[in-house]
Amino acid sequence: MSITDVLSAADIAAALEECQDPDSFNHKKFFETSGLSKMSASQVKDIFRFIDNDQSGYLDEEELKFFLQKFESGARVLTSSETKSLLEAADNDGDGKIGADEFQEMVHS
């Protein structure tokens, strides 16, 4: 599966353009611009599985650092503060990682 099978390349490009500068990533704005927030819960979970490199069922801080690169390989790496902010926005149970349900809830919040 490619991310562009589910999201439009133009929407992804626009979302990446908005956060190309370090410390400019805003997950809510990214989800809205990319079209993720308009997707069904099952489609968001499909995207989650695509982002989950090791297929552990969770996104950890290391995977989140490369979050934007899952949408376009040439995208920048998230800064440490952006990674922590993304993790804190979704980690409802405080286990230091984001599960598929937590990810879906964050995207639709």
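Is Asp 91 buried or exposed in this structure? In this predicted model, Asp 91 has a relative accessibility of 14%, and because buried means under 20% relative accessible area, Asp 91 counts as buried.

**Annotated binding site**

- An unreviewed UniProt entry places the feature "binding site" at Asp 91, Asp 93, Asp 95, Lys 97 and Glu 102.
- Asp 91 is located in the loop that runs between helix 5 (80–90) and strand 2 (98–99), and, when residues up to four places away in sequence are not counted, Asp 91 touches Gly 96, Lys 97, Ile 98 and Glu 102.
- Lys 97 also lies in the loop between helix 5 and strand 2, where Lys 97 is partly exposed, with a relative accessible area of 29%.
- Once its neighbours within four places in sequence are left aside, Lys 97 is in contact with Tyr 58, Leu 59, Asp 60, Leu 87, Asp 91 and Glu 102, and of these residues Asp 91 and Glu 102 are also listed in the record under "binding site".

**Annotated EF-hand domains**

- The feature "domain: EF-hand" is placed by UniProt, again in an unreviewed entry, at residues 39–74 and 78–109.
- Across residues 39–74 the chain is 44% helix and 6% strand, with the C-alpha atoms at the two ends 24 Å apart.

**Helix 1 and helix 2**

- The axes of helix 1 (residues 9–18) and helix 2 (residues 27–34) come within 8 Å and cross at roughly 155°; because angles over 145 degrees count as roughly antiparallel, helix 1 is described as roughly antiparallel to helix 2.
- The crossing of helix 1 and helix 2 is right-handed, and the contact is made by Asp 11, Ala 14, Ala 15, Leu 16 and Glu 18 on the side of helix 1 and by Lys 29, Phe 30, Thr 33 and Ser 34 on the side of helix 2.
- Sorted by class, the contact of helix 1 with helix 2 has four nonpolar, two polar and three charged residues.

**Helix 3 and helix 6**

- The axes of helix 3 and helix 6 come within 9 Å and cross at roughly 120°, an arrangement that makes helix 3 oblique to helix 6.
- Helix 3 passes helix 6 in a right-handed crossing, with Ala 41, Val 44, Lys 45, Phe 48 and Ile 51 of helix 3 making the contact together with Ala 100, Asp 101, Phe 103, Gln 104 and Val 107 of helix 6.
- By class, the residues in the contact of helix 3 with helix 6 divide into seven nonpolar, one polar and two charged.

**Individual residues in helices**

- His 27 lies in helix 2 and counts as buried, at 14% relative accessibility.
- The C-alpha atoms of His 27 and Ala 89 are separated by 8.7 Å, although the two residues are 62 residues apart along the chain; leaving aside its neighbours within four places in sequence, His 27 is in contact with Leu 86, Ala 89 and Met 106.
- Thr 83 is found in helix 5 and is buried, with a relative accessible area of 3%; not counting residues up to four places away in sequence, Thr 83 touches Glu 61, Leu 64, Lys 65 and Leu 78.
- Glu 105 is found in helix 6 (residues 100–107) and counts as partly exposed, at 47% relative accessibility, while the C-alpha atoms of Glu 105 and Asn 92, which are 13 residues apart along the chain, are separated by 9.6 Å.

**Loop residues with positive phi**

- Asp 23 lies in the loop between helix 1 and helix 2 and has a positive phi of about 65°, although Asp 23 is not a glycine.
- Gln 55, which is likewise not a glycine, has a positive phi of about 55° and lies in the loop between helix 3 (41–51) and strand 1 (58–59).
- Gln 55 has a relative accessible area of 52%, and because exposed means over 50%, Gln 55 is exposed.

Note on methods
Residues are numbered from 1 along each chain as its sequence is written. This is a predicted model: local features need pLDDT of at least 70, side-chain atom pairs count only at pLDDT 80 or more; totals for chains, interfaces and linings use all residues. Side-chain values use heavy atoms; hydrogens and water are left out. UniProt positions are given in the numbering used here, feature names are shortened, and annotations may be inferred rather than shown by experiment. Helices (H or I, at least four residues) and strands (E, at least two) are DSSP runs, numbered from the N terminus. Buried means under 20% relative accessible area, exposed over 50%, partly exposed in between (1.4 Å probe, protein chains only). Contact means heavy atoms within 4.5 Å. Axes are lines fitted to C-alpha atoms, for helices over the stretch in contact, and angles run from 0 to 180 degrees between N-to-C directions. Angles under 35 degrees count as roughly parallel, over 145 as roughly antiparallel, 65 to 115 as roughly perpendicular and the rest as oblique. A crossing is left-handed if the near helix is turned anticlockwise from the far one by less than a right angle, and right-handed if clockwise. Ala, Val, Leu, Ile, Met, Phe, Trp, Tyr, Cys and Pro count as nonpolar, Asp, Glu, Lys and Arg as charged, and the others, Gly among them, as polar.
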